[in-house]
Number of protein chains: 2
Amino acid sequence: MKAEILAVGTELLMGQIANTNAQYISNRLPEEGVGVFYHSVVGDNPLRLKECLKIASNRADIIIMTGGLGPTLDDLTKETVSEFVGRKLVLHEESKNKIEEYFKRINRPMVDSNIKQAYLPEGSIVIENKRGTAPGCIIEEEGKILIMLPGPPSEMKPMFEDTVMPYFKEKSEFKIVSEILRIFGIGESAMEAMILDLIEKQTNPTIAPYAKEGEVTLRVTAKVNKDDNAVEILNQTINEIRKRLGDSLYSVGDKNLEQVVGELLISKNISIAIAESCTGGLVSSRLTDIPGISAVFNRGIVTYSNEAKQECLGVSVGKLEKFGAVSKETAIEMAAGVRKVSKTDIGVSITGIAGPGGGTAEKPVGLVYIALADENEVIYKELRLSGDRSRIRNMTALNVFDMIRRHISGRK
Amino acid sequence: MKAEILAVGTELLMGQIANTNAQYISNRLPEEGVGVFYHSVVGDNPLRLKECLKIASNRADIIIMTGGLGPTLDDLTKETVSEFVGRKLVLHEESKNKIEEYFKRINRPMVDSNIKQAYLPEGSIVIENKRGTAPGCIIEEEGKILIMLPGPPSEMKPMFEDTVMPYFKEKSEFKIVSEILRIFGIGESAMEAMILDLIEKQTNPTIAPYAKEGEVTLRVTAKVNKDDNAVEILNQTINEIRKRLGDSLYSVGDKNLEQVVGELLISKNISIAIAESCTGGLVSSRLTDIPGISAVFNRGIVTYSNEAKQECLGVSVGKLEKFGAVSKETAIEMAAGVRKVSKTDIGVSITGIAGPGGGTAEKPVGLVYIALADENEVIYKELRLSGDRSRIRNMTALNVFDMIRRHISGRK
């Protein structure tokens, strides 16, 4: 079954908000065997909305609409839909009572326009709204399904989960299950070359690459009968991909790099301290996003000034003068230094030039050194990054997490 | 001129990401007199994409496409568009050279599929991509305008700003100019009550409030002829709003709170050091997002453990034991301590419980103390925040920046 998600709302076309409802619904529907083939957004305008309904009903079996169910004058979704399907709007007593109760409960006067929300197309399945005043509904018409849900995500989501998902579960004969694989350290095209034969012969499961800043993801998707187990068919393909990509594949299950690193540190009980220069606390901040990290994260030190590098980390004046703050020598001293003052298992350091200022011909913007010290050794890596300040900082943080991950993943 | 934004990408239809590109573009286009009437999303499928192009060219004058310009097999936007407009794909030498240089710079092998990205429909205006390998283009065909941009927002946005906006500016007869006002410390409804009469009598400029986590923004929008000056008409309204909201209005011009604070610190040459506990480096990280901050930002210390608080900041064992790490006493000692060790003009501290664990009946999750020390005094503030870990951390950071802003804005 092909679905289209049709959102109604001028606030979307003005860019005030992103269409997160479409994202949410798209993410959930495949589980019940419904594939989303189109999203569209149109304003609160009956003529244009009717055109969109015509297009959607030509190309999709299921139309899920969000928005335009409010009490104000510009909320015209229901009127337009009822005209489109040729059904009268009739008063739904139960919804009317609920709206009246709702206004009593919040102790505000109810205006007539609120009762408008209790009118629904004749013969539709009503979707109760426990969080607001606008009920939704499901209309079945000539083999097509049309669903209306309110726009606010806090109302839409529970209505979708409590009524729409079970409705499709009942109807579905198969389900679609996906797993997200995350890769760091190989570019999108290089990765594709490594698994091209798998992608090309894909039927079930399918494999789809997707790149975002510095990272690549692969989505492996299997379609199975409603009562079958999809795990096995997914795992076969995932294992084959893992063989090809090795430890560049860092997560199966959509965990990001800092989550993987944070959980590794916690589960292996490896204590850590971080000394940052150009990332200015970004690495500490991301790592401390992980609940429970306080068990292993001892401290982070953001040493922007040379004195701070000397005082907090014991970096020697001689080295700083000879090699400069942005050098592998300083990175190594910082990593060993932060480990020593914090008495942690590992110490990690970052020093570099995030720009836009501060670059020279010899040490350009984007030159970054990262280092990791443990009880046996100090390893380092030189990065040459492009882009603006925010990209350089983000790419540096990703490289730091990847360095930690590769270093500790073999440990017991 | 009516525009449609047509995004190509299965990752959108699978709900992996929200269509933030459509939001961004929709937000920007009206400034050059272009109204966005439709958004659509379709997968990486040539047949369905061609149908969408047909629909879009029937109902819009301008089609802005995002996504599908990558090097992989499923990136078919350009092939489909060139077929749709009946133009050959030809090699754009300059883009080819840039792609080759790009791979040299990042020191990775270039694969053949990358060269595919340098092919563009014949006769199109090429849009340079400084952040990635996929150039975009503008095609003018029978009075319609078709624009292709890559999907990653970090590439799309600068290309849109540097080429697409100026392109429409050139064409437009009038312009819509907005100014974003940012407010911290007053809720959305309280603020609305303070300026309700202004909002109600609005015609030109219009005033639209919009709330996001912890902050409220007002967009003031004027529509004027292309060559007219919109500044005066905007400023009249802005000054009236400023009178009502006082110093809770912290920025005119869409600068965020950390930018305002960073620039105040730099312009007044006030040196700063930050000691963070529950925010884990978030405040340092945001402050060091500001270019040039190294002139005044001395260091940040993320003291997760009690020993770190003692060793790095000189917080006394007695106070820690008596009042606990999350207390106004510890916050005050941390602020004074980080100022002392760093020899800066001001020292700022944060200690609190971000959750989900660590809360007690007496000190629940969301209890945070922030403090600021200068040469004369130490001020502090107790926050009681709700929400999850990430919201608590974000709200804490905003409150810290607001505290710094209010403290230093009177200084010379």
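The dialogue below takes up strand pairing and then salt bridges.

Mentor: This is a predicted model, in which local features need pLDDT of at least 70, side-chain atom pairs count only at pLDDT 80 or more, and totals for chains, interfaces and linings use all residues. Residues are numbered from 1 along each chain as its sequence is written, chains are lettered from A and ligands numbered from 1 in the order in which they are written, and side-chain values use heavy atoms, with hydrogens and water left out.

Trainee: In which sense do strands β6 and β7 of chain B pair, and over how many bridges?

Mentor: Strands are DSSP runs (E, at least two residues), as helices are (H or I, at least four), numbered from the N terminus; two strands pair if DSSP finds at least two bridges between them. Here β6(B), residues 125-127, and β7(B), residues 136-141, are antiparallel and share 3 bridges. Within this pairing, B:Ile127 faces B:Gly136 of β7(B) as its opposite residue.

Trainee: What joins β7(B) to β8(B)?

Mentor: The link consists of 5 bridges, and β8(B), residues 144-149, runs antiparallel to β7(B). B:Ile138 stands opposite B:Ile147 in β8(B). The two strands form a hairpin with 2 residues between them, and B:Glu142 in the turn has a positive phi of about 50°.

Trainee: Are B:Arg405 and B:Asp402 buried or exposed?

Mentor: Buried means under 20% relative accessible area and exposed over 50%, with partly exposed in between (1.4 Å probe, protein chains only). Both B:Arg405 and B:Asp402 are buried. They form a salt bridge whose closest N and O atoms are 2.9 Å apart; 3 residues separate them in helix α16(B), residues 389-408, which is about one helical turn. By contrast, B:Lys171 is partly exposed at 39%, and B:Glu140 is partly exposed at 40%.

Trainee: Which residues are linked in a network of salt bridges in chain A?

Mentor: Such a network links A:Asp197, A:Glu240, A:Lys243 and A:Arg244. Chain A also has a salt bridge between A:Lys255 and A:Glu263, at 2.8 Å between the closest N and O atoms.

Note on methods: A salt bridge is a side-chain nitrogen of Lys or Arg within 4 Å of a carboxyl oxygen of Asp or Glu.
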